[in-house]
Each structure stands twice: as C-alpha cells, then as structure tokens.
Amino acid sequence: MSRYDIVCEYPYPIAEVWHVLTDPAYVARWTTTGQGGRPEGFAPVVGTAFRFVGKPTMGWAGIVYCEIQEVDAPHRLRYTWKGDADTDEVTEVVYVLEEIPGGTRFTWQHTGFTGVGGFAMSKLLGNVRRKMLTEGVPPVLAAHHAAQSA
C-alpha cells in the first residue's frame, strides 16, 4: 500500500492555521494552487459529503468525492477520498496540526493507494499537494493573519 506525507511548518498560531485549512471561505484559496481542485460543499463536520472539482483529463472526470470522517479541532481532520464515482477504491486524507515553538506544524497524510496505479497516483498527488501547501497556503495564512491583526 502506498502513501505520501507532507510536513510544513507555518509561523502562525494553530487556531489560525486550522481556520485557513478548514474554513470553506479560505479552502478554495489554497486548494486551487498547483492544479488542485476547488471544493464544493466542504464543511469540517463529520458526515459532510463534498467534492473537489478540477480540470478533467483523459480517463478522469475531474471530480474527487470525499466525506468527513473525523474532526478534532484544531488538531485533526480526516476524510475519505474517492477519485471516481464508479470506483470502489477509497483512500484517506488526514490533517494533523501540532503546536511548535513559533508556530504550527501541519502534516498532510494521504494513505490507502494500492497497486502500481496507486503508487503512481500517490506520487502525482503528492507533487500537487506539496505545491499547494508550500505555495498556496502561506499567502492565505499571511492575509488571514493580517486581517486578524488589523
């Protein structure tokens, strides 16, 4: 089984990082970085079904189907990830936030990929997510922090 983990440290309090990662008004501002999809129906509430809608490509309709499984604000969010409506293959995404000196450590874990295709998909998604978290999240956090401080 394949997985990928991305760890980022942000120089902001855990509550602010949680807010930017889970507030629907902010989520679309960073998920669309690096070919990621925009969320539809996202809310950090257990049982919420939502979608990420991206650009369709050969062999993929451009929609990821998800459902919130666990919320432990501001430390953990877990949801399912299904890349096609007609597949039984479901993977899992977990956000883990930890307070560290000077800010917050955020770990994105995506697990459950199987076979050669799953290995390739985990590599592809890992690259997209890495860009999202290193290039998309920081300016959104900075803008949110500035608005909170004003």
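The strands form an open sheet of seven, ordered E1-E7-E6-E5-E4-E3-E2, with antiparallel pairing; two strands count as paired if DSSP finds at least two bridges between them. Its edge strands are E1 and E2 (38–40), each of which pairs on one side only. From one strand to the next, the twist averages 25 degrees.

This is a predicted model, in which local features need pLDDT of at least 70, side-chain atom pairs count only at pLDDT 80 or more, and totals for chains, interfaces and linings use all residues. Residues are numbered from 1 along each chain as its sequence is written, and side-chain values use heavy atoms, with hydrogens and water left out. Helices (H or I, at least four residues) and strands (E, at least two) are DSSP runs, numbered from the N terminus.

**Strand E5 and its neighbours**

With strand E4 (residues 63–72), E5 pairs in the antiparallel sense over seven bridges, and a hairpin of three residues joins E4 to E5. Across this pairing, Thr80 in E5 stands opposite Glu67, and Arg78 in E5 is the bridge partner of Glu70. E5 also pairs in the antiparallel sense with strand E6 (residues 91–100), over six bridges. There, Tyr95 in E6 stands opposite Leu77.

Leu77, which lies in strand E5, counts as buried because its relative accessibility is 0%. The classes are defined on relative accessible area: buried means under 20%, exposed over 50%, and partly exposed in between (1.4 Å probe, protein chains only). Leaving aside residues up to four places away in sequence, Leu77 touches Trp18, Thr22, Phe42, Pro44, Ile68, Glu70, Val71, Val93, Val94 and Tyr95; contact means heavy atoms within 4.5 Å. Leu77 and Trp108 are 31 residues apart in sequence, and their C-alpha atoms are 9.8 Å apart in space.

**The two helices**

Helix H1 lies across E1, E4, E5, E6 and strand E7 (103–113), and runs at about 155 degrees to E6. Helix H2 lies across E2, strand E3 (49–53), E6 and E7, and runs at about 145 degrees to E2. Axes here are lines fitted to C-alpha atoms, for helices over the stretch in contact, and angles run from 0 to 180 degrees between N-to-C directions.

H1 is mostly covered, with seven of its nine residues buried. These buried residues are Ile14, Glu16, Val17, Trp18, Val20, Leu21 and Thr22.

How do the axes of H1 and H2 cross? The axes of H1 (residues 14–22) and H2 (residues 24–31) come within 5 Å and cross at roughly 75 degrees. The two helices are therefore roughly perpendicular to each other. On this scale, angles under 35 degrees count as roughly parallel, over 145 as roughly antiparallel, 65 to 115 as roughly perpendicular and the rest as oblique. In the contact, His19, Val20, Leu21 and Thr22 of H1 meet Pro24, Tyr26, Val27 and Trp30 of H2. The residues of this contact divide into six nonpolar, two polar and no charged. Ala, Val, Leu, Ile, Met, Phe, Trp, Tyr, Cys and Pro count as nonpolar, Asp, Glu, Lys and Arg as charged, and the others, Gly among them, as polar.

**Start of strand E1**

Ser2 is found in strand E1 (residues 2–10), and Arg3 is also placed in strand E1. Not counting residues up to four places away in sequence, Ser2 touches His110, Thr111, Gly112, Phe113, Gly118, Phe119 and Ser122. Under that exclusion, Arg3 touches Gln109, His110, Thr111, Phe113 and Ser122. Arg3 and Gly118 are 115 residues apart in sequence and 8.8 Å apart in space, C-alpha to C-alpha.

**Cysteines and accessibility**

A search of the whole structure finds zero disulfides, a disulfide being a pair of cysteine sulfur atoms within 2.5 Å. Cys8 is in no disulfide, and the nearest cysteine sulfur, that of Cys66, is 19 Å away. Cys66 is likewise in no disulfide.

The table lists relative accessibility for residues discussed above.

| Residue | Relative accessibility | Class |
|---|---|---|
| Ser2 | 14% | buried |
| Arg3 | 42% | partly exposed |
| Cys8 | 8% | buried |
| Cys66 | 5% | buried |
| Leu77 | 0% | buried |
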